[in-house]
Every structure is written in structure tokens, then in C-alpha cells.
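Okay, thanks for coming, everyone. Have a look at it first.

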Amino acid sequence: TDLVDGLLAFASAERRGERRPVDLEAVFYQAFVTLRPEIKACGARVTHDQLPTVSGDAFQLRQVLQNLIGHALKSRG
């Protein structure tokens, strides 16, 4: 699925050495804004603890966060 594909792409980038400092707060916000219509439509509240700066690929990390949040929205019960 999308989540597995995102994680595989992230792992692949890790092996190629495409790592840069990434502010996960900014990446989370981008993912949140992208999913805002879905979040609003289902009345969900998305929260998180303070996120660090990590070494990685910002695009792929955003994809992983979007997939995690998106799957949580779809599987809420």
C-alpha cells in the first residue's frame, strides 16, 4: 500500500545517502495542510508532541507522515 511504498522509498534514499537536516515540525505542517480537508470533513483532531530535526529526505518524510495521518483518518473507529 501507500504506507509500505513510502517506507520503502525512504529506506532506499537512506541507502543512497540522500540525507539532509529536515525540520519535522515544518514537514508535519505541510502534511497537515495537505490533509486539512479530510481532517475537517471527519471532525478529527490531529495532535503531536514536539518533533525534532532529523537527517533524511524532506519529501519522503512528508509522504510518510501524510500516509500515517491519512491511514489513521481512514481507520478511525
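Let's start with Gln66: leaving aside its neighbours within four places in sequence, Gln66 is in contact with Ala31, Thr34 and Leu35, contact being heavy atoms within 4.5 Å. Before I go on, this is a predicted model, where local features need pLDDT of at least 70 and side-chain atom pairs count only at pLDDT 80 or more, while totals for chains, interfaces and linings use all residues. Residues are numbered from 1 along each chain as its sequence is written, and side-chain values use heavy atoms, with hydrogens and water left out.

So is Gln66 buried or exposed? Gln66 is buried, because its relative accessible area is 15%; buried means under 20%, exposed over 50%, and partly exposed in between, using a 1.4 Å probe and protein chains only. Gln66 sits in helix H3. Helices here are DSSP runs of H or I with at least four residues, strands are runs of E with at least two, and both are numbered from the N terminus.

Now the other helix, H2. Its buried residues are Leu24, Val27, Phe28, Ala31, Leu35 and Ile39. They pack against strand S1 (20–23), strand S2 (53–56) and helix H3 (58–74).

Phe28 counts as buried because its relative accessibility is 10%. How many aromatic pairs do we get? The count comes to one, taking rings of Phe, Tyr and Trp (its six-membered ring) with centres within 6.5 Å, where planes under 30 degrees apart are stacked, over 60 edge-to-face and the rest tilted. That pair is Phe28 with Phe32, stacked, at 6.4 Å centre to centre and 20° between the planes. Both lie in H2, four residues apart, about one turn of the helix. As a reminder, an α-helix has 3.6 residues a turn, so residues three or four places apart point the same way.

What about the ends of H2? At the N-terminal end, Asp23 is the cap, with a side-chain oxygen 3.0 Å from the backbone nitrogen of Glu25. Just after H2, Gly43 takes a positive phi of about 70°.

Stepping back, the protein has three helices and two strands, running α-β-α-β-α from the N terminus on. Of the 77 residues in the protein, 26% are buried. And among contacts between residues at least 6 apart in sequence, 86% join residues at least 24 apart.

That's it from me; over to you.

Key
Polar contact = N/O pair within 3.5 Å; in protein donor to acceptor, adjacent residues only side chain to side chain.
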